[in-house]
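Thanks for coming, everyone. Let me put the structure on the screen, and then we will walk through it.

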Amino acid sequence: MFRDLLECTPRGLYCPAGDFYVDPWASVDCAILTHAHADHARSGSKRYLSAKSSESLLRVRLGQSIDLQTVAYGESLRIKDARVSLHPAGHILGSSQVRIEVAGRVALITGDYKLQSDLTCDAWEPVRCDLMVSESTFGLPVFRWPETRLVIQEMIGWWEENQRQGRTSLLLAYSVGKAQRVLAEIFRECGVEVASKVAVHGAMLGPNRAYVSAGVALPELPSAASLGGQHDWSESLVIGPPSTQSTPWMERFSDPSIAMASGWMAIRGTRRRRNVERGFVLSDHVDWPDLLTAIGQCQPEQVWVTHGFSEVVSRYLTECGTAAEVLQTRFAGEESEPTLAEKSEEAS
Amino acid sequence: MREFAKLYQRLDETTKTNDKVLAMREYFSQASGTDAAYALYFLLGNKLKPSLPTRIIRRAARLGAEVPEWLFEETYQWVGDLAETAAAMAKGRSHGGQETLSETIAERLLPLLRSASGSQRSTRKSSLSSDRRMEMDESLASTLVELWSRYDLLERFVFNKLLTGNLRVGVSAKLVTKALSQWCGVPSEELCHRMMGEWEPSETFFKQLVAPEYSGSSPAKPYPFCLAHPLPQGYSEENSVVDFFAEWKWDGIRAQLVRRAGRTYLWSRGEELLEGRFPEIELAAEVLPDGLVLDGEVLGFRDGEPLAFTLLQRRIQRRKPGVKLLGEVPVVFTAFDILEHEGKDVRQEAYQKRRRLLESLDWGGACGGQAMRISEVFSFSDWGALFQKRDTAREHGSEGLMLKHRHGRYDVGRVTGTWWKSKVTPYTVDAVLVYAQRGHGRRAGMFSDYTFALWEEDRLVPFAKAYSGLSDQEITRVDRWIKENTQKKFGPVHEVPAVLVMELAFENLQESSRHKSGIAVRFPRIVRWREDKRAGDADRLEDIRKMLKG
């Protein structure tokens, strides 16, 4: 019943009325991108459309030369027979939900989103719609995020304890989004003076610059590799992407205490499998209560659930009286817990 | 509670032994006597009794999070830990509270457990209507929801661990004792002995335990058991066989028989009093002299031959065996060591001296009777002969040989070099993986529990479950394969096509009417993943039947 609005095709979600795709996983003529993470923004398409604040990151990820048109949040655009606008998703810098209106019917594709506050991007906005395509990465009732501020204080406590013991604090966090969010939160709590003790992995330099050029306040931070062999790491906080764990890059640090910031850290099993000393529960996705809140506020007639625990969430919504079905994507579906490596967003 | 929960977190987060010892030492040094007593009690793996039925915890979790039953179960399957699932779903404080561990136990946990067992009892007694029973469950569950609201996530999790029984935080009794010893200065071995047997976690107990001079001995108190290490590869090339005595290694119940103050106490290795379970042994022991402690093995035994462990298992389960069972599975205590003689601790004496003492003991006619024996001892002049003897172990109903150094004292716990065990090479087969289930603990959420089958004509018949043996990387690969290839689900059990072949090893085989295959295997484990084999290359059930003795 939403055929004109959206179709699920082998290349991804397709809007027939507007002849464009949203976050396609193959090359197409016209692609709207919800955000710059690699499992959503793929190179090879002819033309792209994204939110204005996503431009700097997308050019870092997909190349300076891509044909990219940008629009401000809320600005309405006609594409053939469809009316399209982008609305903040609160996931990372420039992340959008895509609103598509065809003949008075509205579809909303959330992309990845969260309701928690984030200093580095615009806050999620509810958008009334008839059809909502929602992610469900953390769609189980055990996922209930603690307050960001408490998590950051815990993180700072960990860093301070490591400094007392002369150990490097090595925090694993995705290079795009999570790393900048953590940095912004830490500088807010501790002041930018502590920046002299902070370094990042080289893969984060590009994204950091993209954030700064989009107007996010972040001090200039050196890459760990640029600090040379004689550097004293005993008081440092270093942020590295999860894929650097047990690589030679890590050997430069003195007896590092390794921690990770991710929603998966909420569960002991996934935390232990990652082999990190500490897990900080910090996610850029909706948790269980926020997922339900978001759906409640958007008031869709039907929900298509994707990316994560889609079967569980769609069954639960159906039982609660909201029509829902699983959107088959080429991702393995709910049975396979995305390995953190797959979810990680490495620029390198 | 806060401090104990933090201790749990510290122990859970590190794999380094020294960090664990340090964390426990720091805990003991700041805790009150009562808190320390409880912490010690739980760290050693003891649980509060009775524990709360898990259905109450499930119900409370559903109630608090307002989720339907299927959603709770689905989530629990994914998380793999009931205490954790319930804690994470519940609503509560974001900061920890001020309550101490003993307050939490005395004022929250114990009253809850008491009312739970009270309602259990009344349900049993008065054939309550199922409505009334539901009501009682509901009221317990809402109490639990209220209790959870007092704690933060970490405290709730540890609280639930205490409710459900085992803490399982990856510290051995040895490590706990070491930490305690470092803090209080009493040597580990001495602490080990003081902690043997049953004790209540109280301040009095704890003060006595860590005091320089011990004042709390009771006649029932057993000694810590001496444990063996597997004989290392190549050991025979560098050591002389004549230094050792050998005995059959029995697959029974390790036990310590204590005769003091005119009474007999039989203790299991798990430090449980086996009172009343083996009346024939207790009867036979009545004629033994006072001030005597023997180490040995309880075995099913008939017509001079040991019985299969599966038969003995029927006895273990019975607190008060009936006449019929006593007749079907008679048992014997096979003594192989002496720890106390005429009221004197003889554990420091050399093995050969203790052995002479054991043999010359005044058995009052008990030995060689129906329920009491001394183990047989062999000595060898070369290793070859010893291994040859070992390889005949199965014919004697034994698992292999125990090697004991002539001059070795009776050590506390698993000390390298005093006792070695050398088992017969295990049986192995190639079997096909047919079902998988998600694991627990470190493998929570991953498909790591497998059921294996063998061919019978053109059908695959399940015959063993195995959990261990694959590397983490292999488990990750198998886990992904199972998720992508599941054909059917039976609750938590996933059926997969017959593709993966693995080599399994196991200790022993017995005929069994309870198993589809007609065979029960002991200690099955995965030796390796046979990626070179197809399902059709796996072994047949008849091959394994041939291995059945007699």
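How many helices and strands does chain B have? Chain B has 20 helices and 22 strands. Helices (H or I, at least four residues) and strands (E, at least two) are DSSP runs, numbered from the N terminus.

A word on what you see. This is a predicted model: local features need pLDDT of at least 70, side-chain atom pairs count only at pLDDT 80 or more, and totals for chains, interfaces and linings use all residues. Residues are numbered from 1 along each chain as its sequence is written, while chains are lettered from A and ligands numbered from 1 in the order in which they are written.

Now confidence. pLDDT is the predictor's confidence in each residue, from 0 to 100. Chain B averages 89, and 98% of its residues score at least 70. For the complex, the predictor gives an ipTM of 0.90 and a pTM of 0.77.

Next, the overall dimensions of chain B. Its C-alpha trace spans about 70 × 70 × 50 Å along the principal axes.

Over to chain A and its domains. The bounds come from an automatic or database domain assignment. Domain 1 of chain A covers 7-142 + 285-343, and domain 2 covers 148-280. Their C-alpha centres lie 28 Å apart. How many residues of domain 1 of chain A are in contact with domain 2 of chain A? The count is 19, against 23 residues of domain 2. Contact needs C-beta atoms, placed from the backbone, within 7 Å. On that side of domain 1, helix 1 of chain A supplies the largest share, three residues.

Last, a sheet in chain A. It is open, with seven strands in the order 7-8-9-10-11-17-18 and mixed pairing. Two strands pair if DSSP finds at least two bridges between them. The edges are strand 7 (77-79) and strand 18 (323-326) of chain A, each pairing on one side only. Strand 7 of chain A pairs with strand 8 (residues 82-88) of chain A in the antiparallel sense, over three bridges. One bridge joins Leu77(A) to Val84(A) in strand 8 of chain A.

Definitions and conventions: Two residues are in contact if their C-beta atoms, placed from the backbone, lie within 7 Å.
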